[in-house]
Amino acid sequence: MSKIKRKNRKINFFTICICVILALYSVSIISVLIWALITSLKASVDFGILGNVLGFPDLKYSADEVRLANYFRIFSKFTIVTGNATYFSDLFGRIVIPGQRVDFFGLIFNTIIYAVVCSFVHSFATMVAGYLCAKFKYKFSGFVYNLLLIVMIIPIIGTGPATLVLLRNLGLYSTYAGMIILNLNCTGMYFFVYYAFMKGLSDTYIEAAEIDGASQLTIFFKIIVPLSSKILFTVVLIAFIGSWNDYQTPLLYYPDKPTLAYGIYYMSNNTSDATYETSQLTQRVAGCMILALPMVLLFTLCQDIILGNLSMGGLKE
Amino acid sequence: MEIVGTEKKKKMGKIHASRMKFYVLMFLPLIIQFLIFYVYLNFSSIVLAFQKYTKNINGLGHTVDFVWFKNFATAFDFLFSARAGEMLGNSLILYAVNLIIVTSLALFFSYYIAKKYMLSGLFRVILYLPTIVSGTVMAILYQYIVTDVYIGIASTFTDEVVLGLLDSSKTSEFLTILIFNVWVGFGANVMIYTGTMSGINESLVESAQLEGVNSLQELWYIYIPLIYPTLITFIVTGMTGIFTNQMSLFTFYGQTGSNFEVDVFGYYFYRLTQDASVNLYPQAKPMYSYPELSALGLIITLIVAPITLITRKLMEKYGPSVD
């Protein structure tokens, strides 16, 4: 087998070209990340006034700060003020109070809640829908499958304002309940990933369990969930990383629950305020590292799962 | 014997009933969510496009009027303005660059990785890294490099005042942003293409090689037909992206930056929707109200949806098949 594989891999001019391009690309990505890591350890004087933009931290100037001072400053001093959440809802009369101060640990807390809700609730919803459509041969299942296919294919643009109005009128704007309900949607690509997988599962386990008198809930949680745990884990991880890094959705729908990603964006866009505690470039780069490092670590630990083959199956009807 | 038969029937009936009950109960919340946040939402977005909200004089609540196509007229005025033309132009350039450069490179990369050539494992991880580190962080770091680092280095060569590449001329800004989008744009494509390519039948490749095909022919005649359905999805989603892709501009320039010299629809929509001062009520120009934005979105949807559906159909009809 390995002989065949080796024979299949001819090294020629074409593959060498791709290899060179890939190598150059890799160098560009890695060097930017290394630059960021080094910069986050520098004193701002070292970077700014002395113009040491590319080199290692100069210990003469960076002695105090080179020991992770930029990071500690963010942990202890960085706060953001939420300012977008003023709204008087017509139906429920709910007023969201603006101008709350959120510190670093508040941001981390919001981020974890947001990422967990987005990844688990959405994965679960698509998984349930995939299971019901694939394994329950009612006419409605076929209808839902086709409906979700159409929903995925037809692009609808500019519903942001209507979503905001709807959330506000339902009293769900900037609330955890709103976050959960918005993510309970079963549209999107993951439905098809689960559907293709569930279709391939043998019915025998389910039938045997049914005859033994197991309830449908037991079958779902004791048989289906464990059988699809690998794919569930992949989807949850990808969604978790995606929502950890997402600042635009929280900013739009949950502005008084700012996440770390928003904090980092906010930090990099508020440079004109000189009195601001973390306005130096070296500190802002440290902020980027704080956001990125946990995910890089998670990715390194789980790369086989994340890069494992997510297949949508044949998406043709 | 008969008793056992009826017992069995009873049991099967019970199973059917419990299956039905489970099916309904599990689907119900998802259906309700879908009805409210997809069906009703899109419906209300359409209704919103025909309305005008006016604040009541006493400051409490508002009056809603049905204004027919007034919002659409405003939206059309905008769509035919020079500014919107420029926004569309920028997006089209990005789409073309994505189609020509990113897609073809992604296909080459995926082929290289799927065939497990030298260092392919490492390359795969690095190509996905910008997605993990997040587009936002990559954009912020990129911004510092083309601004602060660039100025720092350029200033040592000249006594003139140097501007960052994201703040100098319109052309340099656009080019810098374009390069960024290509740079971070490979992750998802390569991941999905590689996944599909890896599932290829070895004997097919082998028999082709016995006929003496080279790597490029192998990619063109075997691998591309194999991933063609996935390719269609990416190309078609990209077309929607012409109106939704923000090109990371919000991260670069935020709510106010750079006078919006480089602008695209995705950035424009998000900026206005997110802006706290934009709301249901009529705005002083050049800002728009939610009803006007909804009308604009509806017009664009009516243009884009048929185009994407037709493209998809055409590509499915005239594309290669795996023979």
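I first looked up how H2(A) runs past H4(B), and recorded a left-handed crossing, meaning that the near helix is turned anticlockwise from the far one by less than a right angle. I took helices as DSSP runs (H or I, at least four residues), numbered from the N terminus.

I note that this is a predicted model, in which local features need pLDDT of at least 70, side-chain atom pairs count only at pLDDT 80 or more, and totals for chains, interfaces and linings use all residues. Residues are numbered from 1 along each chain as its sequence is written, with chains lettered from A in the order in which they are written.

I then checked the geometry: the axes (lines fitted to C-alpha atoms over the stretch in contact) of H2, residues 13-39 of chain A, and H4, residues 120-133 of chain B, cross at roughly 40° and come within 10 Å.

I listed the contacts (C-beta atoms, placed from the backbone, within 7 Å). Leu22(A), Ser26(A), Ile29(A), Ile30(A) and Leu33(A) of H2(A) meet Phe123(B), Ile126(B), Leu129(B), Pro130(B) and Val133(B) of H4(B).

I turned to the whole contact, which takes 78 residues from chain A and 83 from chain B. On the chain A side, H2(A) gives the most, with eleven residues.

Methods
Axes fitted to C-alpha atoms, helices over the stretch in contact; angles between N-to-C directions. Helix = DSSP H or I, 4+ residues; strand = E, 2+ residues; numbered from the N terminus. Contact = placed C-beta atoms within 7 Å.
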